[in-house]
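Subject: Structure for your review

Dear colleague,

Please find below the structure I am handing over to you. A summary of the findings follows it.

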Amino acid sequence: MRPSLLKSASDVLRRRNYSSAAGPERKVAILGAAGGIGQPLALLMKLNPLVSSLSLYDIAGTPGVAADVSHINSSALVKGFMGDDQLGEALEGSDVVIIPAGVPRKPGMTRDDLFNINAGIVKALCTAIAKHCPNALVNMISNPVNSTVPIAAEVFKKAGTYDEKKLFGVTTLDVVRARTFYAGKGGVSVNDVDVPVVGGHAGITILPLFSQATPASNSLSPEDIKALTKRTQDGGTEVVEAKAGKGSATLSMAYAGAVFADACLKGLNGVPDIVECSYVQSTVTELPFFASKVKLGKNGVEEVLGLGELSAFEKEGLEKLKGELKSSIEKGVKFAQSK
Ligand code: NAI
């Protein structure tokens, strides 16, 4: 980047920070902050002017990440925490807790293969959240999200702290991918594109609603829409295979996680009309958890929005995904209740 560009970028960031000085104090905690997603997510949250305190927790490596990120010129105060005995302090007073802790998918692994390791990690972290910051909004990134969100709900129910308005499965990466793929194929600017993505967050449970994409692109055939749907559903695998054994999506996921956390913070701060897709407790279908557009407000979920009108192809996709999503939800609930 040319020095003049660097200077103007840092000016913009600085100006954004000054302009937020009057906003409420907000603490964000990232659990798994030293990982592939956690590190760039820590960077992006440090740059977010709505964050006044950034708490970075991991089982290892957080002092280095925290020292590194803390030197950046933005107002968020950064602290690193490491290991079980520092988890409580890391969480205390958090408004938003983002969880990318766990193991990523390797080639040949499905999200369900991750289940046993990540389910245990999520259960332990949510037990600590219930104890130390029961009112925080929880942004669940750890996969399989279709199951880890129901696990978190069960843990919070058991602790007596469950509030369905405050638990979110982060499916923003599906929206990010759908927007990019649609814009590329449809010849429209990605900055203007919006595509709702509903259902769940694995394979066929990811259902992009290209019939509702804005701006509408007239150049796309039914075959194109089918191919775009498949590419969005397989977006994670595309990255896993390209990284060839070195993990799954980290940079695009950190971007998506930062977009979603920013929306949560804006909602908490009373900014009107904040809408993002997320996997939440839902009555939109017969399934107890489902991703759809969600309006965010001062207490988290203000309203879970309906699906709108679906094309015949999308209706078929919706019916096809229900069986898999139902069993992933049940698997999570069973895991949480069994131990
Ligand atoms: P990574 O292995 O690079 O990082 C995971 C981090 O979690 C490591 O630093 C590890 O030390 C930490 N960790 C493990 N156990 C922990 C515990 N008990 N408490 C706190 N931290 C703990 O993995 P990566 O690539 O960052 O992925 C993390 C998770 O995010 C995986 O489950 C992955 O499948 C998921 N993911 C979710 C996506 C989504 O769209 N929701 C997209 C991509 C990945």
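Which residues does Ile99 touch, not counting residues up to four places away in sequence? In this predicted model, Ile99 touches Leu31, Gly32, Val122 and Leu125, and also Val138, Asn139, Met140, Ile141 and Ser142.

Ile99 also belongs to the largest nonpolar core, which has 99 residues. Ile99 is among the residues with the most contacts inside this core, together with Ile30, Leu56, Val97, Val138 and Ala152. Helix α10, covering residues 251–268, gives the most to the core, namely ten residues. Because domain 1 (27–170) and domain 2 (172–330) both give residues to this core, the core lies between them.

His201 is placed in the loop between β7 (197–199) and β8 (206–208). A residue is buried if 20 or more other C-beta atoms lie within 10 Å of its own; His201 has 29 such neighbours and therefore counts as buried. Leaving aside residues up to four places away in sequence, His201 touches Val145, Asn146, Gly169, Thr171, Asp174, Ile206, Tyr279 and Ala291.

As to confidence, the chain averages a pLDDT of 92, and 93% of the residues score at least 70. Over residues 1–21, however, the pLDDT is below 50, and this stretch has twelve contacts in the model beyond near neighbours in sequence. The model scores ipTM 0.99 and pTM 0.94.

Yours sincerely

Technical notes
Residues are numbered from 1 along each chain as its sequence is written. This is a predicted model: local features need pLDDT of at least 70, side-chain atom pairs count only at pLDDT 80 or more; totals for chains, interfaces and linings use all residues. A nonpolar core is a set of buried Ala, Val, Leu, Ile, Met, Phe, Trp, Tyr and Cys residues joined through C-beta atoms within 7 Å. A residue is buried if 20 or more other C-beta atoms lie within 10 Å of its own, exposed if 12 or fewer, and partly exposed in between; C-beta atoms are placed from the backbone. Helices (H or I, at least four residues) and strands (E, at least two) are DSSP runs, numbered from the N terminus. Domain bounds come from an automatic or database domain assignment. Two residues are in contact if their C-beta atoms, placed from the backbone, lie within 7 Å. pLDDT is the predictor's confidence in each residue, from 0 to 100.
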